[in-house]
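Visitor: I'd like a close look at one part of this model, a single pair of neighbouring strands, and then at what surrounds it. Could you walk me through it?

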Amino acid sequence: MITKCDVVIVGGGPSGGYISYNLANDGFKVCLVDSNPLDRLGFKACGGISSSYILNYFKKIGLDNEEIIDYSFDNVDIVDTKLNRLANIKVDLIHINRRNLGKHLSTILLDKGVNILSNTRAVRLIVKEDEVHGVKLSNGDEIESILVIDASGFNGLLRQQMIKYVPFWNISRDDLIIAIMEQLQGPQPFKTFTLTIDRGLIPGGYGWLTPGKNNSTVGLGIKLGIKHLSLRYRLSLLKRIMLAQGENKGAFIGLIYARRPFPTLVYNGYALVGEAGSQGNPLFGGGILGALIGSDIAFKAIRKSLESHSSEKPLLIDSLWRYNFEFMHRRGKFLATLDALRMFAQSLTDEEMKEFISYLPSKLTFDLKDIVKISVKAIKMISRSRIFWRIFDMYRASLEIQRLYSKYPKRPQDFQEWVSKDLEIFESLKKKLMK
Ligand SMILES: Cc1cc2nc3c(=O)[nH]c(=O)nc-3n(C[C@H](O)[C@H](O)[C@H](O)COP(=O)(O)OP(=O)(O)OC[C@H]3O[C@@H](n4cnc5c(N)ncnc54)[C@H](O)[C@@H]3O)c2cc1C
C-alpha cells in the first residue's frame with residue numbers, strides 16, 4: 001500500500017513528537033512512524049534528567065501533565081570516588097518519566113490528527129535521482145512525501161543510506177559514548193542528583209546517581225571501545241562507590257552522540273532533527289532538551305519552506321537550507337563550543353579535572369557567556385602548568401568557533417569553505433590537546 005502525506009517523520013521521541021504536533025497544528029498532513037507500540041511512543045532507556053527549562057517546550061504542545069515529571073532537584077553534587085564533594089552547583093533539574101511522556105504524547109498527537117504508524121519501522125529511504133521521495137516500511141508499505149524528517153535518534157539507519165551524498169553524516173567511534181544504567185527500587189543515601197568522575201573507572205565520561213523516593217537510577221557513560229573492564233563490572237563498582245542500594249529493576253545499555261551537530265542537517269527531501277542530527281549536549285550527554293530546541297528551530301524554518309512550496313515534488317536543499325542557517329546561528333554555535341570543552345575535559349587527568357571543577361561557578365545557566373567566563377577565570381588563576389596551556393588552547397578554539405558559526409553560510413554553495421574551517425579548528429584543537 002502507498003500512503004501520501006506532506007511530511008513523514010521517523011521516530012516518535014521528543015524531537016519527532018514535537019515537530020509532528022506543530023506541523024499538524026499548522027494544517028500539514030503528517031505521518032509519524034515509530035517502532036514502539038502506541039502507549040510507549042518514543043520510549044527508550046534514558047537517564048531522564050533535564051534542565052527544568054524543558055517545561056517551556058512541553059507546555060507549547062500541551063504536555064503539562066504531572067505524570068511526566070517524577071521529581072525535581074535544585075542542585076547537583078560533584079564528588080570524587082571517596083565521596084568528597086568537589087563542587088555543588090545550583091541548577092534546576094527535573095527527572096522525566098519517558099514512559100508517561102510517550103503515553104501522553106501519543107494522545108495529543110492523535111487529537112491533532114497525526115497519522116501514527118506505531119509498531120512499524122522505516123527500513124529504507126526511497127531515493128530517486130538524489131532526491132528523497134519517502135520511506136519504505138517494515139510491513140512492506142510505502143509513504144510518499146515532500147519531506148522525510150529523520151528523528152530516529154542514535155541508530156542512524158536511514159542517515160547511513162545518505163552518506164554517499166553527505167559524507168559528513170558518518171559518525172566516528174571517538175564521538176560515541178556507551179552508557180549503562182540500572183533502575184533501583186527505593187531511596188538512596190544521597191538527596192540530590194550526584195555526579196562522579198574517575199579516569200580509571202569512567203574514562204572519558206562520568207557516573208551518576210539520581211535518587212528518587214521510590215525509584216532511583218545509577219549509571220555511567222564511557223568512551224566507546226575502552227577495554228579491560230566490562231561495562232557491567234564498572235557499574236557494579238560505581239554502585240559500591242556511590243553506596244547505591246535497592247533491588248535492581250532492570251539494566252539498559254545505549255549509545256549517546258558526544259559531538260557537535262552535523263555541519264549540515266538537510267538534503268533534497270530529507271532533514272535530521274534531535275539526536276539523529278547530533279543536537280544533544282556533547283559535554284553532558286543530555287539530549288532531551290537539545291532534541292526539543294532543535295525540533296523547534298527545525299519546525300519554524302521548515303514551515304516557511306513548506307508554505308512556499310507548491311508542488312508534490314520533494315523540498316530541495318536550497319529551500320531547506322534556512323533550517324541549517326537558523327540552527328547553526330542560534331544553537332550550533334553553543335553546542336560546538338561545548339564540543340571543544342568536551343575534548344578538553346577528556347584530555348585531563350583526574351587531578352587536573354578536579355582543579356578545573358573547582359573553577360565552576362556555584363550557579364550554572366549553560367549560557368555561552370558562562371562557558372567563556374569559566375575559561376577566563378581558570379586562565380587567570382592557574383599557574384603556568386600543563387592545564388594552563390590546555391585551557392588556553394580550548395579558550396582560543398572556542399572564540400574561533402563562535403566567529404565561524406556566526407558566519408554560517410546563507411547558501412549551500414558556500415558550505416564547503418565553511419566546513420573545511422570547522423574541521424580545521426577541531427583537528428588542530430585535538431592535536432594540541434593530545435600533546
Ligand atoms: C543510557 C542513556 C541515558 C541517557 N540519559 C539522558 C538523560 O539523563 N538526560 C537527557 O537529556 N538525555 C539522556 N540521554 C539521551 C536522550 O535519550 C536522547 O538524546 C533523546 O532521547 C533524543 O531524543 P530524540 O527524539 O532525538 O530521539 P529518541 O528519543 O532516541 O527517539 C527516537 C525514536 O525513533 C524510533 N526509531 C528509531 N529508528 C526507527 C526506525 N527505523 N523506524 C521507526 N522508528 C524508529 C525509536 O524507537 C525511538 O522511539 C540518554 C541516553 C542513553 C542511551
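How many bridges join β8 to strand β9?

Guide: There are 6 bridges between β8 and strand β9 (residues 131–137), and the two strands run antiparallel. Before going on: this is a predicted model, so local features need pLDDT of at least 70 and side-chain atom pairs count only at pLDDT 80 or more, while totals for chains, interfaces and linings use all residues. Residues are numbered from 1 along each chain as its sequence is written, and side-chain values use heavy atoms, with hydrogens and water left out.

Back to the pair: Val127 sits opposite Val132 of β9. Strands here are DSSP runs of E, at least two residues, and helices are runs of H or I, at least four, both numbered from the N terminus; two strands pair if DSSP finds at least two bridges between them. β8 and β9 belong to an open sheet of 4 strands, ordered β1-β10-β9-β8, with mixed pairing. β1 (2–4) and β8 (122–128) are its edges; each has a single partner strand, so one side of each lacks a neighbour in the sheet. From one strand to the next the twist averages 30° (axes are lines fitted to C-alpha atoms, for helices over the stretch in contact, and angles run from 0 to 180 degrees between N-to-C directions).

Another open sheet has 6 strands, in the order β7-β3-β2-β11-β18-β17, again with mixed pairing. Its edges are β7 (115–117) and β17 (266–267), and each has a single partner strand, so one side of each is left without a neighbour in the sheet. Within that sheet, β11 (residues 147–150) and β18 (residues 270–272) pair in the parallel sense over 3 bridges, with Ile149 bridged to Ala271 of β18.

Zooming out, the domain assignment (automatic or from a database) gives domain 1 (2–66 + 97–171 + 259–330), domain 2 (174–257) and domain 3 (331–434). The centres of domain 1 and domain 2, taken over C-alpha atoms, are 29 Å apart. Contact, meaning heavy atoms within 4.5 Å, links 17 residues of domain 1 with 11 residues of domain 2. About 1,200 Å² is buried between domain 1 and domain 2, 66% of it from carbon and sulfur atoms; buried area is the accessible area (1.4 Å probe) that two parts lose on being put together, summed over both. On the domain 1 side, Ile49, Phe154 and Ile171 supply 35% of the area buried against domain 2, more than any other three residues.
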